Amino acid sequence: MSKPAPAGDVRSARPYVLSPRPLRAAIRRTASVAVLVAIDLTGIVLGLYAALVARELVYGHWPPLWGVLWEAVENWLPFLALVTVLVFWQAGLYASREVRAGAGRILPSLLLVGLLTVGFAWGSGHEFNTFGLAPTAVLFSTLIVGVLRASYDLLTRELLWSAGVRRRALLVGKGDHVVDLRRTLGSGRSGIQYEFLGDVADLAVVPSVLAGQRVDELIVAESDFDDEELLELVDQAHRSGVTVRVAPTTTELLTHRVEYVPGQGVPLFELRPPVFAGADWVAKRTFDLVVAGLGVVVGLPFLLLLALAIKLDSRGPVLYRDRRVGLDEREFTMLKFRTMDADAADRQPELERANEAEGPLFKIRDDPRVTRVGAVLRRFSLDEVPQLVNVLRGEMSLVGPRPLPVRDFARLEDWHRKRYLVLPGMTGLWQIAGRSDLSFDDLVRLDFYYLDNWSIWLDISILLKTVPAVFRSRGAY
């Protein structure tokens, strides 16, 4: 006769969904979704109204007839609200906090909303006075919704920190794997701080820990546990309602781009190379050219001021030309604003012993070769801006794996070199994840994740997140 399930088991007599913990989580999720829906619909209404006002101003109608403008569209609002919620839901904009789609998904989602609304209006015989209203409303709505959502994320993050909300995590693994995992995870994720309950190397101890403490997450590091042990561990955690997360190995990262090859005998999975080809390459290259071209034209006066400051601060050229390794392991000349003394390269051998970075990288937090203006440029990553020229020349992309100097490249292991199947980038997951707080192997795994999960919206999201990451100086020397 089997013994009854423990009280906290998800399969106990009392339905798990009716126990306090999942009920509280469900209430929080419902409230979060409700607030986000209210934010989005408010942004849509304000954006549409702003577009109507802009149209009146363009046609010289001043002052606008505020009430008449509203009456012109109020009959469309129920349909517009329904389509917006459905499209945003499908785009992952109402997912839980840690997996919610970023700001890069707002514009394409609203473009789809605009197309569906215009298509429905056209099909129902609606006569348009102007075709500029829809794209203008999309732009205004994107800006307003983005600002409102960013404010919501910032406010809720501060409230969570002030309220002492913690994600109670138990790490499972052996040796250095657990140490590396703890360092990689950092202090929190998605605005919620971690409270690590300890490290467990013996899987037999896990059930007693789960029974004696409230655990939110069980995080398994890359280790040499047997498959049967891991299956039992997952079963024990799920019976206690604990989320199980596994830090992937390098081999597991490779299997994100697999294709099943049918046949008799042993089933096979083909690992497809993570290269950008066809429509993906055209989309990424077009995006790079448009954004980089606009950046050079709009930012030219500011770039000239930076060049003047560098010239007045120290002797030497304004630009620093560094040999880097790019696509297909070919060398190219990467441009940067000079932030060090002119003889910095000659002085590097004598500083090798002071290197603070792991693996093949070379970094010193207080590098004596950095100039006064150079320190400011590095603080805000302004020294990287001339690489827009490298993007226009086709040597780099806006987003991608960071190109390494020839010195660092020569020290790479063979498995690291998958990152050279695509153009290197000005920014990437390294920059927004805290590049100097992670080991080099962890950084390479981030590159693998980017290659295997690329989309134009991921590029937009990384670019948007790079700005706050730069101002926080996260991981920068």
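Reader: What is the accessible surface of the chain, and how much belongs to carbon and sulfur atoms?

Author: The accessible surface comes to about 26,400 Å², and 62% of that belongs to carbon and sulfur atoms. Accessible areas come from the Shrake-Rupley method with a 1.4 Å probe, and for residues only the protein chains shown count as cover. This is a predicted model, in which local features need pLDDT of at least 70, side-chain atom pairs count only at pLDDT 80 or more, and totals for chains, interfaces and linings use all residues. Residues are numbered from 1 along each chain as its sequence is written, and side-chain values use heavy atoms, with hydrogens and water left out.

Reader: What makes a residue count as buried, and what share of the chain is buried?

Author: Buried means under 20% relative accessible area, exposed means over 50%, and partly exposed lies in between (1.4 Å probe, protein chains only). Of the 477 residues, 39% count as buried.

Reader: Why is Leu294 called exposed?

Author: Its relative accessibility is 52%. The cut-off for exposed is over 50%, so Leu294 counts as exposed. Leu294 lies in helix H10, residues 279-313. Helices (H or I, at least four residues) and strands (E, at least two) are DSSP runs, numbered from the N terminus.

Reader: What is the nonpolar patch that includes Leu294?

Author: Val290, Val291, Leu294, Val297 and Val298 form it on the surface. Together they have about 470 Å² of accessible area. Patches are made of residues with over 30% relative accessible area and no salt bridge; nonpolar side chains (Val, Leu, Ile, Met, Phe, Trp, Tyr) are joined within 5 Å, like charges within 9 Å.

Reader: What makes a set of residues a nonpolar core, and which residues have the most contacts inside the largest one?

Author: A nonpolar core is a set of buried Ala, Val, Leu, Ile, Met, Phe, Trp, Tyr and Cys residues joined through side-chain atoms within 4.5 Å. The largest has 25 residues, and Leu80, Phe88, Leu93 and Leu110 have the most contacts inside it. Helices H1 (20-58), H3 (77-90), H4 (106-123) and H5 (133-162) each give two or more residues to this core. H1 gives the largest share, 8 residues. A second, separate core of 21 residues includes Val399, Tyr450, Leu451 and Ile462.

Reader: Which residues does Leu110 touch, leaving aside its neighbours within four places in sequence?

Author: Leu110 is in contact (heavy atoms within 4.5 Å) with Ile44, Phe88, Val138, Ser141 and Thr142.

Reader: Why is the pair Arg149 and Asp40 called a salt bridge?

Author: The rule asks for a side-chain nitrogen of Lys or Arg within 4 Å of a carboxyl oxygen of Asp or Glu. The closest N and O atoms of Arg149 and Asp40 are 2.9 Å apart, so the pair meets the rule. The pair links distant parts of the chain: Arg149 in helix H5 and Asp40 in helix H1, 109 residues apart. Both residues are buried. By this rule the count comes to 11 salt bridges.

Reader: What about Arg157 and Glu158: buried, partly exposed or exposed?

Author: Arg157 has a relative accessible area of 27%, so it is partly exposed. Glu158, at 35%, is partly exposed as well. Their side chains meet in a salt bridge at 3.9 Å, N to O, and the limit is 4 Å.

Reader: How do you know that S8 and S11 pair?

Author: Two strands pair if DSSP finds at least two bridges between them. Strand S8 (residues 319-325) and S11 have 2 bridges, so they pair, in the antiparallel sense. One of the bridges joins Arg324 to Pro405 in S11. Arg324 also forms a salt bridge with Asp322, with the closest N and O atoms 2.6 Å apart. Both Arg324 and Asp322 are buried.

Reader: Why do S9 and S11 stand at the edges of their sheet?

Author: The sheet is open, with 3 strands in the order S9-S8-S11. Strands S9 (331-337) and S11 (404-405) each have a single partner strand, so one side of each is left without a neighbour in the sheet.
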